[in-house]
Every structure is written in structure tokens, then in C-alpha cells.
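We go from sheet to helix to single residue.

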Amino acid sequence: MSKICAVLLLFVSLFVSSVKAGNETDTIPVPKSFFGFQPGTDRMLLNYESLIDYMQQLAEASSRVKMLEIGESPMGKKMHMLLFSSPENIQNIQYLKEINKELALNPNLTDAQLKAYSNEGKVFILATLSMHSSEVGPSQAAPLVAYELATSDDSALVKQLKDVVYMMVPSSNPDGMDMIVEHYMQSKDTKYEGGSFPKVYHKYVGHDNNRDFVTLTQKDNKAIARVYNTEWYPQILVDKHQMGATGPRYFVPPMHDPIAENVDEKVWNWTWIFGSNMAKDMAADSLTGVTQNSIFDDYWPGSTETGIWKNIISMLTECASVQLAKPVYVEKSELRGGGSGLAEYKKSINMPAPWKGGWWRLSDIVAYEVSSSLSLIKTASFHKKDILLNRNALCVGEVKKGKTEAPAYFVVPAKQHDESELIAMLGLLNEHGVDVYKTLDELSFKGRIIEKGDYIIPLAQPYRAFVKEVMEKQKYPERYYTPGGELMRPYDITSWSLPLHQGVSSYQIDEIVDVIDQNINKVDFPFELNWELPEENTTLIFSVDNNESFRVAFAALKNDIEVSRLSKDSVVGEMALKTGDFVVELNQKNADKLKEILEKLSVKPVEISGVIPSNIKELKLPGVALVETAFHDMDAGWTRFLFDTYHIPFTVLKPEDIKSKELDDFDVIVFPDTKKSLLLDGKNKSRDGKTSIPNYDPRYIKGMEKEGLQKLLKFENEGGTIVSWGESAELFFGVQTIKISEKEKEEFELPVEDVSPAIKGKGFYAPGTLFNVELLENHPLTLGMGKTTRVFSGGKPVFGTSIPYFDLDRRVIASYPEEDIVASGYAEKEELLKGKPAMVWAKKGKGNFVFYGFNPQFRASTSGTYKLLFNALLLD
């Protein structure tokens, strides 16, 4: 094994154009001759299309390789997975796939079946590469790993491939891979070579694509999740990434504390085995700077390794980066530890052989990736039988826990405030491979009535750990470096409860109830709404309570179909209608377009024949501008995704566009969570006033400057609406100046401020937490909402208000309660939020400001607060 890696490390070109693979003679394409350079060469990158072309030729030439299409990217590129194994296994792949499914999902296998499956089955390793497209190394190493697996005559590796099927997704983000490669090649040989890409490297979400594996909003993530959730059921999953250049060279499992408490200990123990063997094998290949049990925790289920909650031994590797393909020189004095398990960059049990500094190249990254990949295969082969038996033991154990430990069921009532979000949540659970049931009759248990048609999610199923994780309220497992000492702060967010985030009510039952088990049927997906568009002219009413109704309304307006809203509660016949309900007149002119819009409707509209409700106001499709910076602006990307999903037309404005373009075409300008300094000056300024120069080509990072800000304020003063959340709100606070004309200026200060620095100074901390808030009822911004809701926030801004003067005004739309402030997740000194505003409407002159102290669309995972944003777009 070390000889193989040595060859790769030295990058000698000793390959011939054809080799003998097994007992067959095929022409196998050699990476260097195919690409014209050895993958990993300094300042050279292969793009997605050439990578897939190579893999296709490899699959056609080698009986050890099978190539499958698994889905498509958000921008329409085909996504592929390669299977590498012995020719016999490749020919028998469907039977092996069925064995995987039986081991993963069947808790009732006999001893004879288990013996047969553990002998006949193979260990399937799913490797997903370069999800973060600026982390180019894993995908650039893919051809070398593939070539080695397809051609090697090393007897040990050939034997290992008889036990293992290595499943490679050569690029988890095809769109981003091409974006980054094109950007690098355009900047190559300029002084800005290796600089950051001035967009998100994805159609929508950029680096946050690895935070999407609970909500599964993105097409590429859906494709990968299907592989391990419901189609191939691999026993091992590894997600390959890169990290900063000034720390360890390579991270391997196990992860650092805290870990997810719902995951069985057998999974965690196996991550030790694989990680320790990777560290050992990489040391044998003379690769230094390998660390484990440090840097990264495994508490939150948002990444590809969410498979760990599905009984998959799921792991992360991270390699130190270069500047895309440009080498970097790292001084020894610049090397740093990381705090979590590696406080100092010194020889320690978590990094026994530190890298000493010097040149770090793409070829080094490739060598580390090849070595770690071959180690995974070696370990899986050595432990084949135990790994296969472990997969079924976990299945059996989770089903048993569901019958013997609380909770036994989650009950989701069919009657919900937002019925469309109920259907969406249940469909998402099904997409994860979770079984959902429905009650056949009304049931009674300990005085609680379960209505006929309510949904039941039993915990006695193989993915119990995942069900429990996403259905319950989160409570962060506080772990400390020393007793009573410093808290191990969470790596990412601390709340992801699907019911709480989506505004769906649910409750748990803690014990098995025979009457429930005997009166439920498994739900078939996808849901089919038993409703057809009427043939005659009809008034259709879409409830403001449902997010889906906003989608219908925006889509209809976009298609020039008239839409109105009820301006007050009304009763038509025996039907009670609510303020804000959407009214659409079905007629011969719009029937075809409406049919297409309503094709995937999940909640029936109210039909009123021959009657048009009074008290309605016609809607106008707002002209929406969305401000997106060049600084890998993920929150803006998520907003674009939300707007596209709900058929909201919009125009992207860069900050510098505000200064140079007319704003008259817009009714609403939306500012997602972005620092004021990036918007205003194109520079990164911290709260203590320190300014840093970003590593971007300066052409792409210009700010709006004071001139642009004055134009925005004039836009609002004359009747426009500005919507802002997170750090962008600071742009509009403090003393402001409106340029009325060339000769006239006006100063003012909104009666709103951000008080989060003060409460942070008193110890308040929220790493990404779901908070309860109370809402101002019957306000245009809260239509369709209840008296309370839950909002997702990282702790800033928090607002303070004051009594206004002149043509200023403000209203507190949402405020934190006096008690029970945290709904899910972790916060410190949350009592400092008591009674403080979380959302404020304000105005200067004729327009509107809408400020949110939370992200109303956070990673497309907080649909319970979408209406607070949609209503803002429809403000007069």
C-alpha cells in the first residue's frame, strides 16, 4: 500500500496507455494522458465535464467499474456515482444491493439469513467529494483513486475489492465545481490568482449546501441523500472536505465532543476504528500533520454525515487547503492549534506527528486523499463480516428501543394552523426513509383523544435515532474542557426540530399502546389531493394560514391572473373567511394557467359559486429587488431560492448597483443578513472598528457608499418598502441623511436601534437558536400567523425603540416573552431578551421599513415564519 502511495506522492509518469485489469485486457485511460496533466499538478484544475468524461471511459473499459446516474444539479448537470469492486461483485450488484436493504431495514432476520448475508454481502462505502467547491482536492484526486481501483494488480487491494464496493460521487456540487475552475483559470497568471470566487459556488446556497441534509431543499443534496436513505443503504459514508491552511494537514475521525446523544454507541466506536486506521496508514505513507478527536463536533444533523442518524458509520475528513490550485508556503510560526482537542500546534495524542511547515501543494492534498481512501477500503475489508452484522444489529436495536424507551410515538394532528406545512413535513420524513402512519378511527389514550386521520410516527423503526432527533425539541448537551470550566461551544446551530421550525404542532406518547398499533395504516407517498379544478366559473379562496396559498398567489400574479385579498373577516354563506385570504376568480381565460399552477396543490381551496366576497382588495405583483454582495452571500442565496420556489419575481442588485441604477422600478428592496461594512464600503469591518481587506479581486467588491445609502433612504421616504434582517439592519440605524434634491438634504434618525452589543456584553449568547416570540395581532405583517410563533436567531440584532417625532413612526411586530424564551436549542443569559422587540415596522415619510431580529427564511428551514416575509413584500 505504501509503495502505491509513494508513486502517487512523487507523481512520476510511469503509466502506460493500457494495462491488464484482472484477467481481462482492456484499454484503460491513464489520467495524465487523458487530461493532459497529472491531476494535482500545481496551478492546473480539471472541470466537471472532463472528470465525468474520464469516469465514463473508465467504466466502459474496466469490469471493476460501474457508472450510474443518480440525479441532477440545480443547474441541470447530470450527477453520477461510480461503483468500484471486483468484476464478480459488479455483475452481482443488484443482489448485493438487496442484501444491504435487508440488513438495514429488516429487524426480523433469522440467524441463517444473517449468516448468509454476512458471508455473501459486501461492505458498501459511499464517498462524497468536494461538496464545497473551493475545496478542490477530493474531486481532483478522484481520477487517481479511480484509476488505482480499476487497474491495480496489487494482491492486497484486489482481495479487498472482493469484500468492498467503493461508491464514489466524484463531485457533490457539479455546478460549483465548474464555477470555481472557470474562475481560477480566468484569474491564473494575474495577481489575483487563487482569490475568492465573487459569488456563491452553487445556484443558490454555496457553502451552506452542507447544512441542508435535514430539510433537503437542493436537488444535488436530494440525489445524494436518496443513495443512502432509500436506495443503496451503504454501511459506511465518508464526506471529503478541506479546511484552513495554517492548522493540521488532515483531520480524520473520531469527532470532538459534543456528539449526538440519539446515535447508538456502536456507530461512534466504529468511527474510532476507521479514523485510527486512517491515521496509522497515512503515517505509514509518511504523511504528517494528521489529527483526530479535534476541531469538529458531531452534534448537529445538517451535513452529509446525517447518515449517522440512519445507522451508517458516517465520517468526515478535512485536508488543509492551498489557494485553489496555487501552492502556499506556510511558516512554522504560522501554524496554529484549534482549541477543540488541539489547543496548541504541538505533538500530542490527537496529532502525534505534526507537519513542520513549508510548501503545501495541490499534489499534497491529492496524496492525502488517495491514502485515506485506500485506508477506508482496507479497514472495511478487514472487518467485513462485523460491519455487515453491525448494520443489522443497529436496526434491531433501534426498533427495540422504540418499543421499550420513550418516546414510543410522535403524533401529528391532521388539523393544523398551516395544513400545507403539515403535508410538506410528512413528505420530507418519507424522503428520509421514515415510515408514517395514519389513524383509522378516533382513539383515546389516558384522556387524550387522537382524531381519526391524525398521523402517527412510531419510534419502533430502523431510523429511530433520526426520527427522535428531528421531531423533538433540542437541548444542547453541555460539555466542558474541565469541570466547571470553559464550555465546548457548538460548531454550528443548535435547533432543527422540524415541527417547531415549520410551525406544525405535534406531541409524543411515551409508551406502546396496542390500540394505536392496531388502528393505523402506513401512508402512501406522494400525497394525492382528491380535488380537481372546477369546470364552471368559480371563486376560489386560498387560506392565508397556508404558506402554499402565498405560492399560488404569487404564481397567479406572475401569470397575469387577478388576485385579491380579503381586507376584513367575512362570512359567505356558512363559510368563515379570514382577513388576508387570497381570492382568485376562475374563468375560461385563466383556467389553463390556473390548472398548471395548482397541479401540485396539497390543500383544497374553498369554492364559492356565483358569489364574490365583499371587502376585497386587488393585489399588485410587487417589483422586488434583492441585494446580494460578492462575499459568498449565502443568506441572499437562500432568499433567492425561497423566492424562486414561491414564484416571486425579483432582480438581484449588487451594492454598487444601488448607487448607479434607478430604483423607480422597485416597490420593495430586500436586504438579507450582511454586514453593514460590506454593503457600504466593500470591506470587512468588525464591531471594534478594525478593517480587513478581503481576498477578492477589487472589481467585484464595491459598496454602495454614502450616495447609494441616500438613494435608498429617498426610495423609502417616497413610498418604497425596505425589508432587512440580521446585520444589514444596522445600515439604517443612527443619524441618516436623505438627499431630497441637489440643494436640499434632510437628517433624521429612525426610532429603532440595535441593542444586541449591550446585552452581549452582559453575557447573552445564541449560536443559532429557536426563540418564542409574541406577535402583534391583526397587523398587515402578521396576517396568517397566530398570537405567537418561533423565530430562528443567532442573537443579533435585538431591537430597542423610542417615541418618534415628525414623519417617523414605529410598531413592535414581535417581541420576546417574559418567560419560556428558548423554544429549542441553546442560549446563555436568554433572560436579557425579556420583552425586547424581535421585529419592528418603522417609517420615514411615505414608505416602510421592516426590520427582523431573526432570519425569517433561515436556510429554507424556518417555514413557520415565511409569512412574516411574504406579507412584507405585499405591504402597501
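The stops below run in order of selection.

This is a predicted model: local features need pLDDT of at least 70, side-chain atom pairs count only at pLDDT 80 or more, and totals for chains, interfaces and linings use all residues. Residues are numbered from 1 along each chain as its sequence is written, and side-chain values use heavy atoms, without hydrogens and water.

**The sheet.** Select the open sheet of 8 strands, ordered β3-β4-β6-β5-β7-β12-β8-β10, with mixed pairing. Strands are DSSP runs of E, at least two residues; helices are runs of H or I, at least four; both are numbered from the N terminus. Two strands pair if DSSP finds at least two bridges between them. β3 (65-72) and β10 (290-292) are the edges: each has a single partner strand, so one side of each lacks a neighbour in the sheet.

**Inside the sheet.** Go to β5 (residues 123-129) and β6 (residues 164-169). They run parallel, joined by 6 bridges. Pick Ile125; its bridge partner in β6 is Tyr166.

**Helix α5.** Select residues 93-105.

**Thr317.** Last, select Thr317 in strand β12. Thr317 is buried, at 0% relative accessible area. Beyond neighbours within four places in sequence, its contacts (heavy atoms within 4.5 Å) include Val238, His241, Phe251 and Glu369.

Notes. Expected span 1.5 Å × (residues − 1). Buried < 20%, exposed > 50% of the residue type's maximum accessible area, 1.4 Å probe, protein only.
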